[in-house]
Amino acid sequence: MWLGQARQLCPALVCVPYQFDEYRQVSQQLYEILASYTHEIQAVSCDEAFVDLANYIETECLTALEVAQIIREEIKTKTNCPASAGIASNILLARMCTKVAKPNGQFHLQDDDTADFIGMYFTLFLYP
């Protein structure tokens, strides 16, 4: 939402100035953490990315949920910021899973559950 629209909807809105240097530092830490697990990273914003961890999962003999938990804990330890993770077979589904996982959780969608998940997602988030 644009700030002008937000101020119209909430005239008592208090705006806090951005702390760009701090955001940049935490964002750099986040991406360094992700790059320590894989170089298959698609940045979305300063605090959001899609990562392909299939090779890491296979090499380390861990589940996707275990790897997500490890990475989330490392992000929390190094940045003091919580992180949510959506795990799925493609970017669209992973993004939807991340919305289910927020705040500070994780959600893994198995391929066999995709149709039911999409129905549930539309019911919860798009047409409540």
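User: By about how much of the helix are Tyr121 and Phe125 separated in helix α6?

Analyst: In this predicted model, Tyr121 and Phe125 both belong to helix α6 and stand 4 residues apart. Because of that spacing, the separation between them comes to about one helical turn.

User: Is Tyr121 buried or exposed, and what is its relative accessible area?

Analyst: A residue counts as buried when its relative accessible area is under 20%. Phe125, with 30%, is partly exposed. Tyr121, in contrast, is buried, and its relative accessible area is 9%.

User: What relative accessibility does Phe117 have?

Analyst: Phe107, in strand β4, counts as partly exposed at 26% relative accessibility. Its partner in the stacked pair is Phe117. Phe117 counts as buried, with a relative accessibility of 4%.

User: Which backbone oxygen does the side chain of Thr114 reach, and at what distance?

Analyst: Thr114 is placed in helix α6 and is buried, with a relative accessible area of 18%. Not counting residues up to four places away in sequence, Thr114 touches Leu93 and Leu109. The side chain of Thr114 also reaches a backbone oxygen, that of Asp111, at 2.9 Å.

User: How far is the backbone oxygen of Gly119 from a polar atom of the side chain of Thr123?

Analyst: Thr123 also has its place in helix α6. Thr123 counts as exposed, because its relative accessibility is 52% and the cut-off for exposed is over 50%. A polar atom of the Thr123 side chain lies from the backbone oxygen of Gly119 at a distance of 3.0 Å.

User: Against which elements do the buried residues of α5 pack?

Analyst: Helix α5 covers residues 91–101, and its buried residues are Leu93, Ala94, Met96, Cys97, Thr98 and Ala101. One of them, Leu93, is touched by Thr114, a residue of helix α6. The elements packed against the buried residues of α5 are β3 (85–87), β4 (106–108) and α6 (114–126).

User: To which backbone nitrogen does a side-chain oxygen of Asn90 reach at the start of α5?

Analyst: The contact sits at the start of helix α5 and involves a side-chain oxygen of Asn90. This oxygen comes to within 3.1 Å of a backbone nitrogen, which belongs to Leu92.

User: Which residues does the cis peptide bond join, and what is omega?

Analyst: Pro103 is found in the loop between α5 and β4. The peptide bond that joins Lys102 and Pro103 is cis, with omega at about -5°.

User: What phi does Asn104 have?

Analyst: Asn104 lies in the loop between α5 and β4 and counts as partly exposed at 46% relative accessibility. Although Asn104 is not a glycine, its phi is positive, at about 60°.

User: Where does Asn80 lie?

Analyst: Asn80 has a positive phi near 65° in a residue other than glycine. At 59% relative accessibility, Asn80 counts as exposed. Its location is the loop between α4 (64–79) and β3.

User: In what order do the elements of the protein chain run from the N terminus on?

Analyst: The secondary structure comprises 6 helices and 4 strands. Of the 128 residues of the protein chain, 25% count as buried. From the N terminus on, the order is α-α-β-β-α-α-β-α-β-α.

User: How far apart do the centres of the positive and negative side chains lie?

Analyst: The protein chain carries 8 positive and 16 negative side chains. Its accessible surface comes to about 9,300 Å², of which 56% belongs to carbon and sulfur atoms. The centres of the two charged sets lie apart by 14 Å.

Definitions and conventions
Residues numbered from 1 in each chain as written. Predicted model: local features only at pLDDT ≥ 70, side-chain atom pairs only at ≥ 80, totals over all residues. Heavy atoms only, no water. Helix = DSSP H or I, 4+ residues; strand = E, 2+ residues; numbered from the N terminus. Buried < 20%, exposed > 50% of the residue type's maximum accessible area, 1.4 Å probe, protein only. Areas by Shrake-Rupley, 256 points an atom, 1.4 Å probe, with all protein chains shown as cover. Lys, Arg positive; Asp, Glu negative; His and termini not counted. Charge placed at Lys NZ, Arg CZ, Asp CG, Glu CD. Contact = heavy atoms within 4.5 Å. Polar contact = N/O pair within 3.5 Å; in protein donor to acceptor, adjacent residues only side chain to side chain. Phe/Tyr/Trp six-rings, centres within 6.5 Å; stacked < 30°, edge-to-face > 60°.
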